[in-house]
Amino acid sequence: GAGGTISLWPSSLGIAATFDPAAMKLFGQIASREYRALGIATALSPQVDIATDPRWSRFSGTFGDDSNLATDMARAYCDGFQTSPADKSVEGAWGYESVNAMVKHWYGYGAQEGGRDSHFCYGKYAVYPGNNLEEHLKPFTEGSFKLDDGTGMASAVMPIYSILWNQSPLGENVGGSYSKWMIAEQLREKYHFDGVACTDWNIMFDNNAVESFGGMCWGVENVPVAERHFMILEAGVDQFGGQNDKGPVLEAYQMWVDKYGKESADQRFQKSAYRLLLNVFRVGLFENPYLDPAETTAIVGCP
């Protein structure tokens, strides 16, 4: 897209059509080297959603509709991206050729009402008429969270935009990053994920349009912006995707102080800081954040 010569690949669905996790892993190993040569240390991928409705516009970004295949492909993808060879190691399997995998979208995105997409307000709901929501967990809990090659699990997760309609036992009908049931109770407590949770983009902001991207504040449209940030932190999310304004975050910090006390607020923010910094340190950016343009030219798009 920037006009340079980089390696060209099939879509995720295209590679999944090989039915060969080894091919997916090889792709990850090559692509991660190119990512790092371009200065990219975190990938907003893989998209491991189970694509249950062919009308859905994001079908091609998935590994298809088979949960077992998607699980194997998710594991291979994350192993390929995150694992560095021994001579490029910083600590264990992490190192200078590692790229943090932000596996998405936690969870159940592939069952959108009518095939509509939750980037838009007319597609904010995911529905499960077959009562089969648990199937959508497999690529995460049995794939991305159970890696083979030493990094353990995907280092980051992106929660779903959508409202999982009437699925939360807490009675929440809110987007994934606002849901204490989805993040605090399941992702953190039940499945022991202690990596970075990053919201999908712009979920903190208002949506003022029907057919164009805006804010995706599904289920909390009437909640003030700063309080949305507070709810996201309460749910257990660490990072605000698409948000570069510290103002609402500082307001959310003060809300935490007012509700739980300053010591609790500091501990909560420091926990997220730890998770975020860990993903910087173990890929070697602390030791050497710089690139050699000649080396980049030799690696990127190399036959």
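Me: Hi! Is the crossing of H6 and H7 left-handed or right-handed?
Reply: Hello! In this predicted model, H6 and H7 cross in a right-handed way.

Me: Thanks. At what angle do those two helices pack, and how far apart are their axes?
Reply: Helix H6, residues 225–235, packs against helix H7, residues 246–260, at about 65°. Their axes are 8 Å apart.

Me: And which residues meet there?
Reply: From H6 you have Val-225, Ala-226, Glu-227, His-229, Phe-230, Leu-233 and Glu-234. They meet Pro-248, Val-249, Glu-251, Ala-252, Met-255, Trp-256, Lys-259 and Tyr-260 of H7. The residues of this contact divide into 10 nonpolar, one polar and four charged.

Me: Let's switch to the nonpolar core. Which residues touch the most other members of the largest one?
Reply: Those are Phe-63 and Trp-106, in a core of 68 residues. Elements giving two or more residues to this core include H2, S4, H5, H6 and H7. H3 gives the most, with eight residues.

Me: What does Phe-63 touch, leaving out residues up to four places away in sequence?
Reply: Among them are Leu-13, Met-24, Pro-46, Val-48, Leu-69, Met-73 and Tyr-77.

Me: Pro-46, you say. What kind of peptide bond joins Ser-45 and Pro-46?
Reply: A cis one, with omega about 10°. Pro-46 sits in the loop between strand S1 (42–43) and H3. The bond from Lys-104 to His-105 is cis too, with omega near 0°, and His-105 is in strand S4. For context, most peptide bonds are trans.

Me: New topic: Ser-162. Where does it lie, and is it buried or exposed?
Reply: Ser-162 lies in the loop between strand S6 (156–159) and strand S7 (163–164). It counts as buried because its relative accessibility is 0%, and the cut-off for buried is under 20%.

Me: Which side chains make polar contacts with the side chain of Ser-162?
Reply: The side chain of Gln-112 does, at 2.7 Å, and so does the side chain of Ser-118, at 2.8 Å. Beyond its neighbours within four places in sequence, Ser-162 is also in contact with residues including Tyr-109, Lys-124 and Val-174.

Me: Last one. What is the phi of Asn-131, and what is the phi of Asn-166?
Reply: Asn-131 has a positive phi of about 55° without being a glycine. Asn-166, also not a glycine, has a positive phi of about 55°. Most residues other than glycine have a negative phi.

Me: Are they buried or exposed?
Reply: Asn-131 is exposed at 71% relative accessible area, and Asn-166 is exposed at 52%. Asn-131 is in the loop between strand S5 and helix H4, while Asn-166 is in the loop between S7 and H5.

Technical notes
Residues are numbered from 1 along each chain as its sequence is written. This is a predicted model: local features need pLDDT of at least 70, side-chain atom pairs count only at pLDDT 80 or more; totals for chains, interfaces and linings use all residues. Side-chain values use heavy atoms; hydrogens and water are left out. Helices (H or I, at least four residues) and strands (E, at least two) are DSSP runs, numbered from the N terminus. Buried means under 20% relative accessible area, exposed over 50%, partly exposed in between (1.4 Å probe, protein chains only). A polar contact is a pair of N or O atoms within 3.5 Å; within protein, one must be able to donate a hydrogen and the other to accept it, and residues adjacent in sequence count only if both atoms are side-chain atoms. Contact means heavy atoms within 4.5 Å. Axes are lines fitted to C-alpha atoms, for helices over the stretch in contact, and angles run from 0 to 180 degrees between N-to-C directions. A crossing is left-handed if the near helix is turned anticlockwise from the far one by less than a right angle, and right-handed if clockwise. Ala, Val, Leu, Ile, Met, Phe, Trp, Tyr, Cys and Pro count as nonpolar, Asp, Glu, Lys and Arg as charged, and the others, Gly among them, as polar. A nonpolar core is a set of buried Ala, Val, Leu, Ile, Met, Phe, Trp, Tyr and Cys residues joined through side-chain atoms within 4.5 Å.
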